Amino acid sequence: MIGTVLGLCFGAGLILLLSAFVVPRASPTSDSRGSRSERLLAEAGLAGTRPGHVIVACCATGASAGLLMQVASRTAPVALMFAGIGAYLPIALLRGRARRRLRALAVVWPETVDNLASAVRAGLSLPEALGALARRGPEALRGYFASFALDYQVSGRFGDSLDRLKERLADPVGDQVVEALRVAREVGGGDLGRLLRELSGFLREDARTRSELEARQAWTVNGARLAVAAPWLVLILLCLQPDVIRRYDTPVGVLVLTGGAIGCLVAYRLMARLGQLPTEQRVLS
């Protein structure tokens, strides 16, 4: 009974800890970019999804994981641990999807800028060149530029259409390209082609360097993730031995689980911080 009470108390604390990462909070600079959850959804390419849906998904996966482990282990502290892990799973999937999307966009931006430069040299205006990317641009970006062309056709305001394009892209590299185009449009002059060529070379070099660094650190990051996941995989296997798994339903067992969870969390966060590559910030949005 005491072990169950301690397990419930620990579970409540774990939920409060996870709420710092799951529950959307207002950001001091969220006037144009929305909340933290909204930015994450936009970066993952799910701008139409509401943050409340993410919270519902977290609650559903957490409850499912906790119920499944309760049935398998019949040990409340173990079930609560896995409920916390399950509640974080949708956030982890969203962050992984956002990283993959931004990485994919970084690869195609140099080609996009090259197409823009070619269109400008051919005599098209800047809005026409951007609209043409809906047909001739990279597949990953055609939908965004099709929406831009429709916005510009309806409103006729180039600056506002660029702002909406940035919101849909939710990409730091896209912010750089859009702002460069905005300055070129407002200032004017005949250096737009040269500016686009230099920007394309810079983006291509940056993408190549980042790709090399990510390839070199991939095995280290994957090894660290496996090391963090290994104790919990062993705990799942212990469910096959009821006498052993029920030892975690005691005060000592709860302390062991608590220490293990804190150790894994600290180690993973430290690994992520040390292995994190510098990321572009959306300072122009």
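A residue is called buried here when its relative accessible area is under 20%, exposed when that area is over 50%, and partly exposed in between, as computed with a 1.4 Å probe on protein chains only. By this criterion, 37% of the 285 residues of the protein count as buried. The structure is a predicted model, in which local features need pLDDT of at least 70 and side-chain atom pairs count only at pLDDT 80 or more, while totals for chains, interfaces and linings use all residues. Residues are numbered from 1 along each chain as its sequence is written, and side-chain values use heavy atoms, with hydrogens and water left out.

Confidence is expressed as pLDDT, the predictor's own score for each residue from 0 to 100. The mean pLDDT of the protein is 81, with 83% of its residues reaching 70 or more. Helices (H or I, at least four residues) and strands (E, at least two) are DSSP runs, numbered from the N terminus; among them, helix H1 (residues 2-22) has the lowest confidence, at a mean of 53, and helix H3 (residues 51-73) the highest, at 91. Over residues 21-34 the pLDDT stays under 50, and for this stretch the model has 19 contacts beyond four places in sequence, a contact meaning heavy atoms within 4.5 Å. Where pLDDT is low, the predicted coordinates should not be read in detail.

The protein has 11 helices and zero strands, so that its pattern along the sequence reads α-α-α-α-α-α-α-α-α-α-α. Among contacts between residues at least 6 apart in sequence, 66% join residues at least 24 apart.

One helix pair can be followed in detail. Two packed helices are described by the angle between their axes and the distance between the axes. The axes, which are lines fitted to C-alpha atoms, for helices over the stretch in contact, with angles running from 0 to 180 degrees between N-to-C directions, come within 9 Å for helix H4 (residues 76-121) and helix H6 (residues 139-155) and cross at roughly 80°. H4 and H6 are therefore roughly perpendicular to each other, given that angles under 35 degrees count as roughly parallel, over 145 as roughly antiparallel, 65 to 115 as roughly perpendicular and the rest as oblique. On the H4 side, Arg101, Leu105, Val108, Trp109 and Thr112 meet Ala140, Leu141, Tyr144 and Phe145 of H6. By class, this contact has seven nonpolar, one polar and one charged residues, where Ala, Val, Leu, Ile, Met, Phe, Trp, Tyr, Cys and Pro count as nonpolar, Asp, Glu, Lys and Arg as charged, and the others, Gly among them, as polar.

From this pair the reader can turn to the nonpolar cores, each a set of buried Ala, Val, Leu, Ile, Met, Phe, Trp, Tyr and Cys residues joined through side-chain atoms within 4.5 Å. The largest has 29 residues, and Trp109, Leu130, Leu141 and Leu165 are those with the most contacts inside it. At least two residues of this core are supplied by each of H4, helix H5 (126-136), H6, helix H7 (158-169), helix H8 (172-187) and helix H9 (192-237), and the largest share, seven residues, comes from H4. Leaving aside neighbours within four places in sequence, Leu130 is in contact with Leu116, Phe145, Phe148, Phe158, Leu162 and Leu181. A second, separate core of 15 residues includes Val78, Met81, Trp232 and Tyr248.

Helix H3 holds Met69, which counts as buried at 8% relative accessibility. Not counting residues up to four places away in sequence, Met69 touches Arg74, Val78, Ala79, Phe82, Ile236 and Cys239, and its C-alpha atom is separated by 8.4 Å from that of Leu80, 11 residues apart along the chain. Cys59 is also found in helix H3 but is exposed, with a relative accessible area of 53%; the C-alpha atoms of Cys59 and Ala87, 28 residues apart along the chain, are separated by 5.8 Å.

Arg74, in the loop between H3 and H4, has a phi near 55°, a positive value in a residue other than glycine, and is exposed, with a relative accessible area of 57%. Ala170, in the loop between H7 and H8, likewise has a positive phi, of about 50°, although it is not a glycine, yet Ala170 counts as buried at 1% relative accessibility.
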